[in-house]
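Subject: Structure handover

Hello,

Here is the structure we talked about. Please open it and keep it beside this message as you read.

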Amino acid sequence: MEQFFQQLTNGLAIGGIYALIALGYTLVYGVLKLINFAHGDLFTIGAFLGLSLLTAFSLTDKLGFVLGVSALLLMVVCLVGLVGILLDQAAYKPLRSSHRLSAVVSALGMSIVFSNAIMLIFGASPEVYPHGILPSQVLHIMGLPFPVKRLLLLVTSLVLMVALYTFIQKTTIGAAIRAAAIDQDAARLMGINVNRVIMLIFFIGPALGGAAGVMVGLYYGQIKWTMGWLYGLKAFTAAILGGIGNIPGAMVGGLLLGVIESLCSAYISMAWKDAITFVVLILILIVRPTGLLGERVAEKI
Amino acid sequence: MSLLKLDNVTKTFGGLTAVDEVSCEVPQGSIFGLIGPNGAGKTTVFNLITGNYTPDRGRILFNGQDITGKITHKIVELGIARTFQTIRLFQNMSVLENVLAGCHCRMSAGPVSAMLRLPGARREERRTLGKALAELRFTGLENEAENLAKNLSYGNQRLLEIARALATDPSLIILDEPAGGMNEQETAALVELIFQVQKRGATVLLIEHDMSLVMKACQYLVVLEYGKKIAEGTPDEVKQNPQVIEAYLGSDEDDF
C-alpha cells in the first residue's frame with residue numbers, strides 16, 4: 001500500500017510536469033496545426049535559465065523560499081515566453097502560407113539549434129541545482145509518507161493548469177483564441193487579430209514549458225542539455241493520449257501518463273519505463289487515434 | 001452621405017474578371033441589396049469589401065476613409081461586419097461564446113490583465129457578457145445561449161451569424177444570403193430583424209436570392225451580371241428595367 005501510494009503521488013508529480021509541457025504542444029497545434037518539435041528544448045532552456053538566475057541573484061537566499069522561487073518562476077516564464085515568440089517569428093511565421101510540412105521541418109531544425117546552443121553556452125556535462133532549496137519535510141497522510149516537495153510540485157502544476165483553463169474558457173480573449181483555433185478566416189472577419197492570438201499562444205505554451213523546466217530542476221536537481229528530448233517526447237505522447245489540440249486532454253493525458261509510467265516502473269520493470277510510454281503511444285494511435293478527449297474531426301479539404 | 005463607396009473596383013482571377021469596374025454608393029442608414037444571377041460576382045464584392053481579396057484596380061471607401069487592401073480585422077474594427085453564405089460558426093463553442101468572440105475586438109483589456117483577473121478586466125468581462133446576451137435577445141436566441149452552435153437549427157444558426165456580426169458593433173453589416181435554407185415564417189421574421197438592425201442605426205448590405213425578401217426589405221438595389229453592374233435604383237425602378245428582366249429572370253416577367 002505504501003509503495004503504491006508512493007508511486008501514485010510520484011506519478012502524479014511527474015505527470016503534472018508532462019501535462020505542463022503537453023499544453024504547449026496542444027495549444028500550438030490547436031491554432032496552427034503544427035507540432036512544435038522545438039518545444040522540448042524550450043523546456044530545457046527554462047531549466048538552464050532557472051539555474052543561472054537562481055545562482056546569479058541568489059534569489060532564495062535573499063527573498064526566502066516562497067518569494068524567491070515565485071520570482072524565479074515568474075522571470076523564467078517571461079523569458080522563455082519571449083523566446084517562444086521569437087521562435088515563431090523567426091522559424092514559423094515566414095512559412096505560414098506554405099505547406100504544413102515545411103513548418104514541421106523548420107521545427108525539427110530549431111530543436112537542433114536550441115539544444116546545441118544550450119550545450120555550447122552551458123556545457124555538455126550535467127548541471128546541478130543547489131541542494132536544499134525545496135523543503136525536505138515529509139507529511140504523513142493517513143500514515144502514508146508524502147514529501148512536501150512532491151506536494152509543492154503537484155500543487156504548482158495544478159495551479160498553472162487551472163489558471164490556463166480558466167483563462168481559455170472564461171475570458172473573452174480565451175473565446176477569441178478558441179475561435180481562431182476553429183476557423184482562422186471566420187475569426188478574422190469577426191475582428192479577431194489572429195496574428196496576435198498566435199503570438200499569445202507562442203508566449204503561453206513556452207512559458208508553461210519553461211516553468212516545468214525550473215520545476216524539474218528544483219525537484220530532481222540534475223539538468224542536462226539533452227533532457228528536452230525525452231521530456232518533450234513524453235509530453236507529446238501525453239498530448240496525443242489526451243487528444244491533441246484539446247486543453248483538458250493534455251492535462252489528463254499528462255497526469256495519466258505520469259501515473260502509468262510510475263506504476264509500471266515499480267511493478268513491472270524500471271528499465272522498461274520509457275518503452276512502456278511509447279507502447280502507450282502506439283496503442284492510442286491504433287485504438288483511438290483522436291485521443292481520450294479528442295473529437296473525431298474530418299480533415300478539411 | 002454614403003457610408004460605403006466602391007469606385008471602379010475590378011478583380012480578376014486568372015482570365016476571369018469576377019468583378020468588372022463596379023462603382024456604387026451605399027447610403028448611410030439604408031438597406032441596400034446586391035442581386036444578380038449565380039456567379040455574377042456578388043460574394044466576390046463582399047470579399048473585396050472585407051479585405052479577403054484585394055482589388056486589382058479601383059478603391060473602396062468607408063466613411064470617407066480608403067480601406068482598399070487593409071487587413072481584415074482592421075476593417076472589422078472600423079465598423080464592417082459580415083455573415084457567410086455557407087454558415088461558418090465556431091461549431092464547438094456555445095452560442096454565447098460565439099457572440100463573445102465577436103465582442104472581442106471592442107475590448108481594451110490585454111491578455112495580462114485578463115489572466116490576472118484585474119478589476120478593470122473583470123468589469124469589462126461583465127459588460128461584454130451583458131452585451132453578448134443583449135445581442136442574443138435581439139436575435140431571439142436568448143434561450144439557446146448555453147447550447148453548442150452546431151446543435152442549433154439551420155435557421156437559428158443563420159440568426160447566430162447575425163448576432164455574432166452585430167457583436168462587433170458594426171456601422172455596416174453585410175449579410176450574404178441570410179435567408180438561405182429558411183422557411184417562409186423564418187424569412188418573414190428575418191425581414192423584421194433586418195428592419196430592427198436598421199433602426200439601431202446600422203446600414204445593411206445584403207445579397208439574397210429570395211426576391212420577395214429583397215423587394216420588401218431593400219430601399220436600393222444594384223444588379224450585377226458577369227461581374228458588371230447592369231442596373232441600380234429602387235426596387236420598383238429595377239423591376240422595370242428590361243436589361244434586368246432579361247438577365248436575371250430569363251425574360252420571364254411573371255416571376256417578379
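Start with helix α5 of chain A. Its buried residues are A:Ala103, A:Ser106, A:Ala107, A:Met110, A:Ser111, A:Phe114, A:Ser115, A:Ile118 and A:Phe122. Bear in mind that this is a predicted model. In an α-helix, residues three or four places apart point the same way, because there are 3.6 residues a turn. Look at the numbering of the buried residues, such as A:Ala103, A:Ser106, A:Ala107 and A:Met110, with that in mind.

What do these buried residues pack against? Their partners are α2 (39–56), α4 (65–92), β1 (127–128) and α10 (227–242), also in chain A. The helix itself covers residues 100–122, which makes 23 residues. From first C-alpha to last, α5(A) reaches 33 Å, close to the 33 Å expected at 1.5 Å a residue. After α5(A) comes A:Gly123. The phi of A:Gly123 is positive, near 95°.

Next, the two chains. How many residues of chain A are in contact with chain B? There are 18, and they meet 26 residues of chain B. On the chain A side, α7 (172–182) and α8 (184–189) each supply at least two residues. The largest share, seven residues, comes from α7(A). By type, the chain A side divides into 11 nonpolar, four polar and three charged residues.

Now the largest nonpolar core. It has 175 residues. Those with the most contacts inside it include A:Ala19, A:Ala22, A:Ala179 and B:Ile173. Helix α1 (residues 2–32) of chain A gives the most to this core, with 16 residues. In soluble globular proteins, nonpolar side chains tend to be buried together.

Take a closer look at A:Ala179.

Eight bridges join β1 (residues 2–13) to β2 in chain B. In one of the pairs, B:Ser2 has B:Pro27 of β2(B) as its bridge partner.

Best wishes

Key. Residues are numbered from 1 along each chain as its sequence is written. Chains are lettered from A and ligands numbered from 1 in the order in which they are written. This is a predicted model: local features need pLDDT of at least 70, side-chain atom pairs count only at pLDDT 80 or more; totals for chains, interfaces and linings use all residues. Helices (H or I, at least four residues) and strands (E, at least two) are DSSP runs, numbered from the N terminus. The expected span of a helix is 1.5 Å times one less than its number of residues. A residue is buried if 20 or more other C-beta atoms lie within 10 Å of its own, exposed if 12 or fewer, and partly exposed in between; C-beta atoms are placed from the backbone. Two residues are in contact if their C-beta atoms, placed from the backbone, lie within 7 Å. Ala, Val, Leu, Ile, Met, Phe, Trp, Tyr, Cys and Pro count as nonpolar, Asp, Glu, Lys and Arg as charged, and the others, Gly among them, as polar. A nonpolar core is a set of buried Ala, Val, Leu, Ile, Met, Phe, Trp, Tyr and Cys residues joined through C-beta atoms within 7 Å. Two strands pair if DSSP finds at least two bridges between them.
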